[in-house]
Amino acid sequence: MSVLAVLAGCNSSNPSESMAVNAPAAQAVTPVVQATCPPITILDGTAVRRVYSGGAKDDPSKLVYQASLSDTTRSCSMSDATLTVNVLAQGRLVPGPLSKPGRVTLPIRVTVKDGDGEIFSQVTNFPVDLPAGAAGTQFIFNNPNVAIPNAPGGASRQTNVFISFDEGAGTAGSKKGRRG
């Protein structure tokens, strides 16, 4: 299933689908035109994660699994102080010779940079279930809460969102938060 197909349902223009029936007034959040929603880039060097058994490295016979990130998309909304990016990425988990069915936790990092400065970085320990006898499985990663402080007039044109597997995760430990 393509990530773009998932989001296509979010952008419906059917008036009957967009009417709210007696809905309470919520804080005004303005949808953002795609041009002001920062692009998402998958970092090539960390778009694939291979886990080997027993500390082996680059030994195909000891491969437990390989995970990869592929297509991305995003949607944005803006309040007075924040541009919030809903980041989505499609991925695939493929078992290796030493794989067992069950849950695999993938450390996926979303980083936002404005020019050379990092303004947001968060690792999500994302669970993916690998069924028995599967040749592989697809997954959709979603982080709807990537908050970027608004620059005057909206987000800077130099703002970019990056997604990757966290390099520092031997076992997927939690590293959440902002860096300045």
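Two residues are in contact here when heavy atoms of theirs lie within 4.5 Å. By that rule, and leaving aside neighbours within four places in sequence, I108 is in contact with L69, Q122, V123, T124, F126, F139, F141, I163, S164 and F165. The model is predicted. The protein chain has 180 residues, with two helices and nine strands. One disulfide is present.

**Overall layout**

- Of the 180 residues, 34% count as buried.
- The chain exposes about 10,500 Å². Carbon and sulfur atoms supply 51% of that area.
- Take the contacts between residues at least 6 apart in sequence: 72% of them join residues at least 24 apart.

**Strand pairing**

- Strand 3 covers residues 48-52 and pairs with strand 4 in the antiparallel sense. Five bridges make up this pairing.
- Within strand 4, Y65 stands opposite V51.
- Strand 4 spans residues 63-78, and strand 5 spans residues 82-95.
- Strands 4 and 5 run antiparallel and are joined by 12 bridges.
- A hairpin of three residues leads from strand 4 to strand 5.
- C76 has V85 in strand 5 as its bridge partner.

**The disulfide**

- C37 and C76 form the disulfide, with 1.9 Å between their sulfur atoms.
- The torsion about the S-S bond is about 70 degrees, so this disulfide is right-handed.
- C37 sits in the loop between strand 1 (30-31) and strand 2 (40-42), while C76 sits in strand 4, so the bond ties together parts that are 39 residues apart in sequence.
- Are these two cysteines buried or exposed? Both C37 and C76 are buried.
- A disulfide is a covalent bond between the sulfur atoms of two cysteines.

**The nonpolar core**

- The largest nonpolar core has 30 residues.
- Which residues have the most contacts inside this core? They are L69, V87, L106, I108, V110 and I163.
- Strand 2, strand 4, strand 5, strand 6, strand 7, strand 8 (137-149) and strand 9 (159-165) each give two or more residues to this core.
- In soluble globular proteins, nonpolar side chains tend to be buried together.

**Two contrasting sites**

- L88 lies in strand 5. Its relative accessibility is 4%, so L88 counts as buried, the cut-off being under 20%.
- L88 and T72 are 16 residues apart in sequence. Their C-alpha atoms are 5.6 Å apart in space.
- D116 is found in the loop between strand 6 (102-114) and strand 7 (117-130).
- Why does D116 count as exposed? Its relative accessibility is 80%, and exposed means over 50%.
- D116 and Q158 are 42 residues apart in sequence. In space, 8.8 Å separates them, C-alpha to C-alpha.

Terms used
Residues numbered from 1 in each chain as written. Heavy atoms only, no water. Helix = DSSP H or I, 4+ residues; strand = E, 2+ residues; numbered from the N terminus. Buried < 20%, exposed > 50% of the residue type's maximum accessible area, 1.4 Å probe, protein only. Areas by Shrake-Rupley, 256 points an atom, 1.4 Å probe, with all protein chains shown as cover. Disulfide = S-S within 2.5 Å. Pairing = 2+ DSSP bridges. Core = buried A, V, L, I, M, F, W, Y, C linked by side-chain atoms within 4.5 Å.
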